[in-house]
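Work through the exercises below with the sequence and the model side by side. Try each task before reading its solution.

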Amino acid sequence: MIIEIQVEQTVYFDVGLLTALTRKLAVDIADELARQVKLALIRVKAVATGKTLQSVRREELLSSPSRIEFRQNVLARDVWKEIQGGRSPGRLPLESEMREWFLALNIPRGAWFPIRRAIQRKGIKPRDIVGLTLKNSQTRIKNLLEIYARQVAAQLVKVKK
């Protein structure tokens, strides 16, 4: 004896909701990364003037709801490159490049040139802000993804035909 059972069902899902949730996830992850960049700058003590710290922000690069594609970017002031990558020995930094930093740290004028010469001879060691950011944001991003997956799963409705 053969018994054949056939069950048909259709899964309905609101794509508009998926789009909204995906955009929210992209924004939440970018906000978390920006927050972690700020914390990393503070941890490595790269906040003398505070301008780089204040410049860290999230920017939307692409918002394409029809393709459910959202791209975010975390931006910071140009000085960011020297904090992240350091500075190779060789070129004497201009006083104008460093004046704001000297003043923020209350460094006496007589010490400005010797500090610039030391940077010329030794350079400035890089500080891995990106690595620190990614390491410290992993748990929070994982949690955001789990919340997102639960919200998507909760919207799935199975209906028998």
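Predicted model: local features only at pLDDT ≥ 70, side-chain atom pairs only at ≥ 80, totals over all residues.

Residues are numbered from 1 along each chain as its sequence is written, and side-chain values use heavy atoms, with hydrogens and water left out.

**Exercise 1. The whole chain**

Find how many helices and strands the protein has, and in what pattern they follow one another.

Solution. 
- Step 1. Take helices (H or I, at least four residues) and strands (E, at least two) as DSSP runs, numbered from the N terminus. The protein has six helices and four strands.
- Step 2. Along the sequence, the pattern reads β-α-α-β-β-α-α-α-α-β.
- Step 3. Call a residue buried under 20% relative accessible area, exposed over 50%, and partly exposed in between (1.4 Å probe, protein chains only). Of the 161 residues in the protein, 27% are buried.
- Step 4. A contact means heavy atoms within 4.5 Å. Among contacts with a separation of 6 or more, 68% join residues 24 or more positions apart.

**Exercise 2. Helices H1 and H6**

Decide how H1 and H6 are oriented to each other.

Solution. 
- Step 1. Axes are lines fitted to C-alpha atoms, for helices over the stretch in contact, and angles run from 0 to 180 degrees between N-to-C directions. The axes of H1 (residues 15-43) and H6 (residues 129-155) cross at roughly 160 degrees and come within 8 Å.
- Step 2. Angles under 35 degrees count as roughly parallel, over 145 as roughly antiparallel, 65 to 115 as roughly perpendicular and the rest as oblique. H1 and H6 are therefore roughly antiparallel.
- Step 3. A crossing is left-handed if the near helix is turned anticlockwise from the far one by less than a right angle, and right-handed if clockwise. H1 and H6 cross in the right-handed sense.
- Step 4. Sort the contact residues: Ala, Val, Leu, Ile, Met, Phe, Trp, Tyr, Cys and Pro count as nonpolar, Asp, Glu, Lys and Arg as charged, and the others, Gly among them, as polar. The contact of H1 with H6 has 17 nonpolar, seven polar and four charged residues.

**Exercise 3. Helices H4 and H5**

Describe the packing of H4 against H5 and list the residues that make the contact.

Solution. 
- Step 1. H4 (residues 95-104) and H5 (residues 109-122) have axes 11 Å apart, at an angle of about 120 degrees. This makes H4 oblique to H5.
- Step 2. The crossing of H4 past H5 is right-handed.
- Step 3. H4 contributes Glu-95, Met-98, Arg-99, Trp-101, Phe-102 and Leu-103, while H5 contributes Arg-109, Trp-112, Ile-115, Arg-116 and Ile-119.
- Step 4. Sorted by type, seven of these contact residues are nonpolar, none polar and four charged.

**Exercise 4. Single residues**

Is Ser-64 buried or exposed, and which residues does Ser-64 contact beyond four places in sequence?

Solution. 
- Step 1. Ser-64 lies in strand S2 (residues 57-64). Its relative accessible area is 12%, so Ser-64 is buried.
- Step 2. Leaving aside neighbours within four places in sequence, Ser-64 contacts Glu-69 and Phe-70.

Now do likewise for Glu-59.

Solution. 
- Step 1. Glu-59 also lies in strand S2. At 29% relative accessibility, Glu-59 is partly exposed.
- Step 2. With neighbours within four places set aside, Glu-59 contacts Arg-71, Gln-72, Asn-73 and Leu-75.
- Step 3. Glu-59 and Val-27 are 32 residues apart along the chain, and their C-alpha atoms are separated by 9.1 Å.
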